[in-house]
Amino acid sequence: AVVSTQSTGLLEPPPPARRIGSAPRKLQYRSQTLVELREEVIALTRPIVAELKSYSNPPAAVHKTMIAVFVMLGESEKKLAQWNYILQLLNKPGKASLMSRISDFSRESVSKGTVERARKQLDNLTSVEVESAGKSVSCLFLWVAKACEM
């Protein structure tokens with residue numbers, strides 16, 4: 001099939017068809033808003049928390065991602081260095097749960113210093129690296145990276 005371009009009158013091949021979900025994760029992340037990413041995280045909270053609780057000693061990419069997430073949610077970076085503290089936070093119910101905290105998150109209420117501390121945890125991490133370390137956790141990585149970018 002050939003497509004005619006009105007402006008030049010030249011014939012060009014049609015653009016390749018793109019299947020849903022075929023774009024690299026990085027491109028999907030770029031096009032998603034913080035609200036869309038938050039909804040994705042909330043929808044996957046149970047599998048994410050189950051995956052995180054399964055680690056006694058998580059891969060560095062997973063641990064750094066969770067430190068960044070909880071720093072953005074107002075936790076002390078120093079305490080987050082201990083994986084057991086992160087596990088305690090993941091076990092909190094109700095309004096203190098990860099899902100509720102992300103749902104109530106307001107980027108405008110986070111200081112520049114907090115954003116920088118969270119961003120520092122994400123330095124040298126890629127979504128591919130995080131996904132290979134923990135598939136469910138990659139959506140938290142995308143959320144926190146977007147929150148740090150704004």
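Contact here means heavy atoms within 4.5 Å. The model is predicted, so local features need pLDDT of at least 70 and side-chain atom pairs count only at pLDDT 80 or more, while totals for chains, interfaces and linings use all residues. Residues are numbered from 1 along each chain as its sequence is written, and side-chain values use heavy atoms, with hydrogens and water left out.

**Serine 138**

Serine 138 touches Ser127, Val130 and Glu131, leaving aside residues up to four places away in sequence. Between serine 138 and serine 127 there are 6.2 Å in space, C-alpha to C-alpha, and the two are 11 residues apart in sequence.

**Helix packing**

Two packed helices are described by the angle between their axes and the distance between the axes. Axes are lines fitted to C-alpha atoms, for helices over the stretch in contact, and angles run from 0 to 180 degrees between N-to-C directions.

| Pair | Angle | Axis distance |
|---|---|---|
| H4 (residues 60-72) and H10 (residues 137-149) | about 45 degrees | 9 Å |
| H4 and H6 (residues 83-90) | roughly 55 degrees | within 11 Å |

H4 is therefore oblique to H10, and H4 is also oblique to H6. Angles under 35 degrees count as roughly parallel, over 145 as roughly antiparallel, 65 to 115 as roughly perpendicular and the rest as oblique. H4 and H10 cross in a left-handed way (the near helix is turned anticlockwise from the far one by less than a right angle).

On the H4 side, the residues touching H10 include Val62, Thr65 and Met66, and those of H10 include Val137, Leu140 and Phe141. This contact has 12 nonpolar, 1 polar and no charged residues. Nonpolar covers Ala, Val, Leu, Ile, Met, Phe, Trp, Tyr, Cys and Pro, charged covers Asp, Glu, Lys and Arg, and the others, Gly among them, are polar.

The crossing of H4 with H6 is left-handed. Val62, His63, Met66, Ile67 and Phe70 of H4 meet Trp83, Ile86, Leu89 and Leu90 of H6. By class, that contact has 8 nonpolar, 1 polar and no charged residues.

Note on methods:
Helices (H or I, at least four residues) and strands (E, at least two) are DSSP runs, numbered from the N terminus.
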